[in-house]
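Please consult the sequence and the structure below while reading.

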Amino acid sequence: MIRPADDKPLAGSRDFGIVIRTRIEEALAGGDDVVVELGGLEDMSPSFADECFGKLSEQFGEDVRSRRVQVRNEEPFRVLLDGVIAVRLHRAQARAARPHASR
Amino acid sequence: MVTIEISPYGLHHCARLVAQLKGVKPGSAVRFDLSRWTFVRPPLLTIVAAHIRNVALQRQAGAVEVVLPVAPNVRNYLNQMNFEGALVRGEMKNLFEISATQNLPICPLRTGDDTESAALRLKQIVAAKLTSAPEVGQPIASALAITLAELMENFRKHSESASHAFACAQYYAEHEYQDAGFQHRHRQGAIEIAIADTGIGIEASLMSAPELAAAIRSGANPCELATRFGVTSKEGQGHQGYGLWITRRLAEKNFGSFYLMSGKHLFGVVRGRRPKIARLSVPWSGTFVGMRLNLHRPIDIQAVYGELPGLEILE
């Protein structure tokens with residue numbers, strides 16, 4: 001189980017998002033299903049949410065929460081997570097539809 | 001030694017600071033004269049701190065002198081705000097040991113830990129002021145903490161400055177003042193957040209993205225552009241452009257105010273109303289963001305998040 005609140009109470013930076021995403025990726029690479037426990041987190045910023053859950057969803061091509069990553073106690077952050085994941089997936093789909101775009 | 005006089009009155013007087021600095025020869029000794037300050041607020045504090053730090057980095061030790069204000073109340077305020085510590089030693093006070101409950105001291109923005117510590121401390125300050133209605137106060141405190149964290153991260157990631165940005169915040173119990181031609185009144189409390197740097201500026205940052213460069217060449221105000229959802233010069237490096245958009249939307253919904261100043265450009269929202277776009281008489285070195293929110297009005301960041309899935313993204 002990965003519990004960001006064990007590191008700090010406020011997930012407010014992309015740097016911390018990279019830390020948690022890396023832990024999730026390493027656990028998945030090891031063949032494990034992953035539980036991310038958000039209980040204890042006071043707040044989460046969009047940058048953290050995007051860096052962690054948004055990018056993971058983009059890697060999988062779908063909402064990361066629908067696969068092997070179970071997110072517990074996400075209710076306080078659900079609207080944020082839904083939003084950043086939707087944005088990542090929308091952008092990925094738009095890029096895929098324009099393979100010769102400059103970015 | 002060149003003396004730079006800094007008036008404390010209003011953001012537009014910062015143009016005089018910038019103009020004076022442009023006339024200083026590289027390497028010459030500089031004295032920043034703050035002696036006539038009778039009051040100061042977070043916006044000017046962060047702007048002055050960023051410029052003093054930047055000038056000091058370009059010179060040998062001892063070549064920069066700061067003449068502190070004579071007025072005891074202002075000196076006390078600067079001490080509370082860690083003005084000298086942030087400038088001279090580049091340090092953050094241990095935010096969780098300070099007794100002051102009105103202010104978030106000047107924080108140099110060096111690491112993600114700096115961001116998160118400052119945001120958490122701001123949350124504590126705001127929550128302590130809104131104890132009469134914690135079911136309302138806690139979400140407001142969280143929204144402000146997240147907004148500060150997002151803005152700080154913006155500066156950390158995009159500044160490309162040899163120096164770092166500075167941030168601070170202040171709570172006002174009840175406050176009325178005039179700034180930039182507008183009369184501001186805050187009843188039942190307000191929070192002011194300010195962040196400044198002397199980095200490459202918004203325009204230079206956005207010009208690295210081809211579609212944004214095209215919009216700017218066509219006449220778009222870079223500061224207004226930067227507040228639109230999804231606008232970032234670093235989308236290819238994993239950024240998504242949330243910080244300034246969230247800040248703008250919160251100010252609009254709160255009938256608060258928000259200013260973004262960089263280079264020749266100013267963009268602002270005052271009392272949540274029709275945006276103010278302007279060109280500055282003296283180009284501004286770096287970027288400044290200021291925000292004032294009314295604590296008796298909604299500061300609903302969840303409502304802003306709810307707008308995300310349906311938004312058109314500038315491509």
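In this predicted model, chain A and chain B bury about 2,800 Å² between them, with 50% of that area on carbon and sulfur atoms. The contact draws on 33 residues from chain A and 38 residues from chain B.

Five salt bridges are counted between chain A and chain B. One of them joins the side chains of B:Arg156 and A:Asp15, at 2.8 Å from N to O. On the side of chain A that touches chain B, at least two residues each come from β1 (10–11), α1 (14–29), β3 (43–44), α2 (46–60) and α3 (78–97) of chain A. The element that gives the most to this side is α3(A), with 11 residues. By class, the side of chain A that touches chain B comprises 13 nonpolar, seven polar and 13 charged residues.

Attention now turns to the backbone of chain B. Most residues other than glycine have a negative phi. B:Asn82 and B:Phe255 are not glycines, yet B:Asn82 has a positive phi, and so does B:Phe255.

| Residue | Phi | Relative accessible area |
|---|---|---|
| B:Asn82 | about 60 degrees | 4% |
| B:Phe255 | about 55 degrees | 42% |

B:Asn82 lies in the loop between α3 (72–80) and α4 (83–89) of chain B. B:Asn82 is buried, because its relative accessible area of 4% is under 20%. B:Phe255 occupies the loop between α10 (243–254) and β9 (257–269) of chain B, and B:Phe255 counts as partly exposed.

Definitions and conventions
Residues are numbered from 1 along each chain as its sequence is written. Chains are lettered from A and ligands numbered from 1 in the order in which they are written. This is a predicted model: local features need pLDDT of at least 70, side-chain atom pairs count only at pLDDT 80 or more; totals for chains, interfaces and linings use all residues. Side-chain values use heavy atoms; hydrogens and water are left out. Helices (H or I, at least four residues) and strands (E, at least two) are DSSP runs, numbered from the N terminus. Buried means under 20% relative accessible area, exposed over 50%, partly exposed in between (1.4 Å probe, protein chains only). Contact means heavy atoms within 4.5 Å. Buried area is the accessible area (1.4 Å probe) that two parts lose on being put together, summed over both. A salt bridge is a side-chain nitrogen of Lys or Arg within 4 Å of a carboxyl oxygen of Asp or Glu. Ala, Val, Leu, Ile, Met, Phe, Trp, Tyr, Cys and Pro count as nonpolar, Asp, Glu, Lys and Arg as charged, and the others, Gly among them, as polar.
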